[in-house]
Amino acid sequence: MNKVSLRIADLRKKVKVTQQELADSIGVSFQTISKWETGVNMPDITILPLLADYFKVSTDQLLGLKPLDGEIYIPEKTATKDFWNQKLEYLLRTRKSYWNDDYAHFLISQVWKIDKPISVLDCGCGYGFLGLLLLPYLPEGSTYTGIDFAEDLIKKGKTLFESQKIVADFLCENVFEYSAENQYDFVVCQAVLRHLDNPAAFYTKDDSICKTGGLCCMY
């Protein structure tokens with residue numbers, strides 16, 4: 001079963017520190033480190049720079065988007081819609097291991113401090129898991145748009161949202177080719193960057209679809 005592949009365990013073993021020593025250095029529990037290393041949970045985006053600085057690597061290296069020093073990088077062969085059209089059952093089975101309701105509520109109210117309606121664009125949305133998770137906690141009037149190039153995932157997303165009477169927009173497009181009429185308050189992509197051969201290009205695209213002063217959450 002595929003997992004989001006952070007390099008925390010590799011880096012920790014390389015510098016010869018224990019999970020407890022790493023946890024003490026960045027202010028979390030060793031159980032949290034264990035969950036990150038096994039893919040049960042993901043670190044918050046605000047923690048990534050701390051981890052990268054601790055190991056003296058770039059955030060891209062920490063996320064597995066670029067090779068560590070001395071490694072040869074082999075691009076993932078997962079950036080195709082045919083691949084993801086076959087992964088619906090996998091996505092339905094695994095998404096909840098990355099987030100939970102309490103954490104989502106905490107991020108919205110305490111970290112992101114969202115207290116007014118916002119427009120959300122979920123890049124590489126799959127079947128819209130993040131929309132189903134976040135919308136109940138976002139201020140009334142917030143909107144959700146999911147974009148993905150895999151037709152089967154978009155179809156499933158529309159069906160799920162309609163069955164729960166949740167209003168949302170789904171776009172079956174390649175985000176790199178997407179020309180947004182309006183910019184969004186919040187642009188998010190979950191577990192997408194590691195599947196792109198050129199993840200840096202996504203950051204450039206992000207500048208054109210996120211409002212100035214808007215919120216971006218990408219990993």
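## Close-up views of a predicted model

View 1. Five strands form an open sheet in the order E3-E2-E1-E4-E5, with parallel pairing, where two strands pair if DSSP finds at least two bridges between them, and where strands (E, at least two residues) and helices (H or I, at least four residues) are DSSP runs numbered from the N terminus. Strand E3 (169-172) and strand E5 (210-218) are the edge strands, each pairing on one side only. From one strand to the next the twist averages 20°, with axes taken as lines fitted to C-alpha atoms, for helices over the stretch in contact, and angles between N-to-C directions running from 0 to 180 degrees. This is a predicted model, in which local features need pLDDT of at least 70 and side-chain atom pairs count only at pLDDT 80 or more, while totals for chains, interfaces and linings use all residues. Residues are numbered from 1 along each chain as its sequence is written, and side-chain values use heavy atoms, with hydrogens and water left out.

View 2. Strand E1 (residues 119-123) runs parallel to strand E4 (residues 184-189) and is joined to it by three bridges; Leu 121 has Val 187 in E4 as its bridge partner. Helix H10 (residues 151-163) packs on the sheet and touches strand E2 (143-148) and E3, its direction making about 170° with that of E3, where contact means heavy atoms within 4.5 Å. Helix H11 (residues 199-209) also packs on the sheet, touching E1, E4 and E5, and its direction makes about 140° with that of E5.

**View 3. Two lysines with positive phi.** Lys 56, in the loop between helix H4 (48-55) and helix H5 (59-63), has a phi near 60°, a positive value in a residue other than glycine. Lys 56 is exposed, with a relative accessible area of 67% (exposed means over 50%, buried under 20%, and partly exposed in between, with a 1.4 Å probe and protein chains only). In the loop between H10 and E3 lies Lys 165, whose phi is near 55° and likewise positive; Lys 165 is exposed, at 75% relative accessible area.

**View 4. Cysteines without disulfides.** The structure holds zero disulfides, a disulfide being a pair of cysteine sulfur atoms within 2.5 Å. The sulfur of Cys 189, a buried residue with a relative accessible area of 0%, is 6.3 Å from the closest cysteine sulfur, in Cys 123, and therefore too far for a bond. Cys 216 is partly exposed, with a relative accessible area of 25%, and its sulfur is 3.4 Å from the closest cysteine sulfur, in Cys 210, which is also too far for a bond.
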